[in-house]
Amino acid sequence: MILVLIETDDSGATVTSLETLTFARNLADLGDRPGVEAVVVGPLEAGLRHNLLAQLGEQAVLTVRHATDDQLDQYSAAAWAASVVTSAEAATADLVLAAGTPRGSEIMAHVAARLGTAMAANVVRVEQAEPLVVSRQVMGGAVFEEMRLDGDVNVMTVAGHAVDPKPADSATSPDVLEFSPSLTEADLVTRVVRVEAEERDDTSALSSARVVVGAGRGAGSADGFDDLIELTELLGGVLGASRVVTSLGWRPHAEQVGQTGSRIAPDVYIACGISGAIQHWAGCQGAKTIVAINTDADAPMVTKADYAIIGDLHEIVPAINAELRRRLG
Amino acid sequence: MTNILVCIKRVPDTSGDVQLSEDGMTIDARHLGHTLSAHEECAIAIAAELAASSDGMATALSLGAGDAQEQLRHAVALGCGAAILLEAEPDSFGPADVAQAIAAVVRDRKESGAGFDLILLGTDAADTGDFQVAVRLAYQLNLPVLTGIVTVGIDGDTVTARGTGPDGTEVYELPMPAVIAIQEGGVEPRYPSIPGRMRAKRTEIETLPPAVSPRGSGRVRLTLPPAHPGTVKVLGEDATAAPALVDVLSELGVVSK
C-alpha cells in the first residue's frame with residue numbers, strides 16, 4: 001500500500017498534494033501494491049471536508065485516515081509525523097509520500113527518522129519499480145540523482161509539478177477512518193504557539209497560478225514594480241521575484257521563485273529583467289511557456305525562453321499593459 | 001552565555017555549467033567554484049549574532065574533505081569563534097550518516113562540559129537538497145527540532161523561532177537545547193570584516209575523523225537533464241513588440257475579457 005500525506009488549502013487538497021496522489025497511483029500501477037490511501041491531519045471544516053473527499057475519490061484513494069485531536073489544531077511537525085506513522089502502520093504501507101513543499105519535506109523527514117528508513121526528497125520519476133529506483137532533483141534541478149530505496153518502508157517527497165494531477169479512470173468513494181494518534185510531550189513541544197498574520201506565505205498561490213509575472217534586478221528598485229503589478233493584475237496572475245529582488249528587500253521573500261523559493265508551473269511565465277541563473281531556473285523550469293523580457297539577448301533566461309522581447313522592461317511592460325487594456329476594453 | 005553549533009557544508013557553485021565525473025557518481029567540480037548554501041549563510045549570521053549578544057560562542061562544523069576548511073574559515077570571518085572539520089569524503093555520507101557523525105561530536109562536547117545550547121543548520125543543502133540532516137540529528141540527540149525558521153531569539157532557556165506558514169508567520173517557543181534549521185529570508189547574510197578575515201587566517205581548525213562508518217545515500221548515479229532546445233522566438237527589440245506578445249498570450253488562452 002502507498003500512503004500519501006495530504007496538505008489542504010481553502011479549496012480542498014493543494015495542487016501539489018493532488019500531483020503527489022497521481023504520482024502515487026502511477027507508482028502503484030507499476031507494482032503489486034493494492035492502491036493508495038491518504039492521511040489528513042488536523043481539523044476539517046465541513047465544506048472543505050466535502051470537497052476534499054470528492055477530490056480524493058477522483059484520485060481513486062481507497063481509504064482516508066483522518067487524524068483528529070485537539071492537540072493537532074496547531075501545527076507541530078513531530079505530532080503530524082506521529083499521525084502519519086500511525087497511519088502507515090495501520091495501512092501496512094511500504095511507501096509514504098508527500099509533496100515536496102516546505103511542510104511536506106519537514107514532516108517526511110520526521111517520518112523517515114521515526115521509521116529509521118531512507119528518504120528521497122524531490123523525486124520526479126520512478127526509474128525502476130523492483131527494487132525501487134527513483135530519480136530526484138539535486139543541485140537545484142541542474143542534475144538528477146538516481147537513488148535506490150530498499151528499506152521495508154520507504155519515504156519520499158515528490159517535486160512540485162513532476163506530474164500533472166489527473167483523475168483516475170474509475171473514481172472511488174473512500175472510506176474515512178478517524179483516529180486520535182498517541183502523542184507524547186516531545187511531539188507537542190514544537191507546536192506553533194501563535195500565528196502572526198501580517199506576512200502571509202503566498203507560495204500556494206504561486207505554485208498553482210496559471211500566469212506568473214516574474215521580476216528581477218531589472219526592476220531597478222523597490223519603486224519599480226507598479227507596471228509589473230498592473231501586468232499581473234491584467235492577466236489575473238501572481239507576481240514572483242528573483243532571489244536578488246528579495247535579498248535587496250524590494251519584495252517579500254514569500255514571492256521568491258527558485259531553488260530557495262517556490263517552484264512554479266504556470267501556463268505562462270513572463271520573466272521580466274531576470275537573467276535566469278540556474279537557481280532561478282530550478283524554480284521556473286516547470287512553466288509550459290516562458291516569455292523573457294530582458295535587455296541582454298544572451299541572458300540564460302532569454303536563450304531558454306520560448307518567446308522574448310529584447311529591451312528595457314520599463315518601456316516594454318507599460319506598452320504591453322496599454323495593449324492589454326485596449327483589447328480588454 | 002549561549003554556545004551555538006552551526007553546521008555548514010561546502011557545495012559547488014552552480015552558476016556555471018555542471019559536469020559529471022566519468023562514472024556519473026559525483027559532480028566534476030574542478031571547474032566550479034565552491035560556496036555555502038544560502039540557508040547556511042543565514043544560519044551563520046543568526047549564530048554569530050546570538051553568541052555575540054550573550055558573550056557566548058558560535059562554533060562552525062563541517063563534514064567534508066580538507067578543502068572544506070575554506071568554508072569554515074569563512075564562517076570564522078563572519079563571527080564564529082571556533083571551527084571543527086570532520087574530515088571525510090562527503091559523497092560517501094548519506095544524510096543519516098552526517099546526522100550521526102554530528103551527533104557524536106555534540107555528545108562528546110556535552111560529556112566534556114562544553115555542550116551546545118543550540119544547534120543551527122540550513123533547512124536543506126544547495127547540492128543534495130535532502131531536507132533531513134537537522135531532523136535526523138535531533139532524533140539522534142533526543143532534542144526538539146524546527147525547520148524553515150527565519151528568525152531566532154533567546155530569552156533565558158527559551159528560544160523563540162519564527163517561520164512563514166500558510167496562514168502567516170508561525171511562532172514557536174522551545175526549551176533549549178534544540179536543533180533549528182534556518183531558511184533564507186529573515187536575516188541578511190553577513191559580509192566578513194577585515195578583523196574577521198585576519199581572525200579566520202589565524203584560527204586553528206580542529207580536525208577529527210567522523211565517528212561513524214557511512215552507509216551512503218543510495219545513489220545509483222547522477223544524470224544531466226536533456227539540453228534545452230533553445231528555440232526562442234524573438235518578438236522584437238522595443239515597445240513595438242507589445243502587440244505581438246499580447247497576440248501570443250491570447251493564443252495561449254491567458255487573456256480573457
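Modeller: Let's start at A:Val123, whose bridge partner in E8(A) is A:Arg136. Labels like that come from DSSP runs numbered from the N terminus: helices are H or I with at least four residues, and strands are E with at least two. Before going on, here's how to read the rest: residues are numbered from 1 along each chain as its sequence is written, while chains are lettered from A and ligands numbered from 1 in the order in which they are written. This is a predicted model, with local features needing pLDDT of at least 70, side-chain atom pairs counting only at pLDDT 80 or more, and totals for chains, interfaces and linings using all residues; side-chain values use heavy atoms, with hydrogens and water left out.

Back to our pair. E8 of chain A covers residues 132-138, and E7(A) pairs with it in the antiparallel sense over four bridges. Pairing here asks for at least two DSSP bridges between the strands. The link from E7(A) to E8(A) is a hairpin of three residues. Look in that loop and you'll find A:Pro131.

Now zoom out to the chain. There are 11 helices and 17 strands in chain A. Its radius of gyration, taken over C-alpha atoms, is 21 Å, close to the 20 Å from the globule rule for 329 residues, so chain A is as compact as a globular protein of that length; the rule is 2.2 Å times the number of residues to the power 0.38. The C-alpha trace of chain A spans about 60 × 40 × 35 Å along its principal axes.

Strand pairing also crosses between chains. Strand E17 of chain A (residues 307-310) is joined to E15(B) by three bridges, and the two run parallel. There, A:Ala308 stands opposite B:Val234.

That crossing brings us to the interface. In all, 76 residues of chain B are in contact with 76 residues of chain A, contact meaning heavy atoms within 4.5 Å. Together the two chains bury about 6500 Å², 57% of it on carbon and sulfur atoms. Buried area is the accessible area (1.4 Å probe) that two parts lose on being put together, summed over both. B:Tyr139, B:Glu184 and B:Val254 supply 9% of the area that chain B buries against chain A, more than any other three residues.

What about charges? The rule finds eight salt bridges across the interface, each a side-chain nitrogen of Lys or Arg within 4 Å of a carboxyl oxygen of Asp or Glu. One of them joins B:Asp247 to A:Arg327, with the closest N and O atoms 2.8 Å apart. The elements giving two or more residues to chain B's side include helix H1 (38-53), helix H6 (242-251) and strands E9 (145-155), E10 (158-165) and E11 (168-175). By class, that side has 35 nonpolar, 23 polar and 18 charged residues. In that scheme Ala, Val, Leu, Ile, Met, Phe, Trp, Tyr, Cys and Pro are nonpolar, Asp, Glu, Lys and Arg are charged, and the others, Gly among them, are polar.

E9(B) and E10(B) run antiparallel, joined by six bridges, with B:Asp155 partnered to B:Thr158. They form a hairpin with two residues between them, and B:Gly156 in the turn has a positive phi of about 65°. Next, eight bridges join E10(B) to E11(B), again antiparallel, and B:Arg162 has B:Val171 as its bridge partner. Two residues make up the hairpin link from E10(B) to E11(B).

The bond from B:Met176 to B:Pro177 is cis, with omega near 5°. One last stop is B:Asp55, in the loop between H1 and strand E6 (57-64) of chain B: B:Asp55 has a positive phi of about 55° although it is not a glycine.
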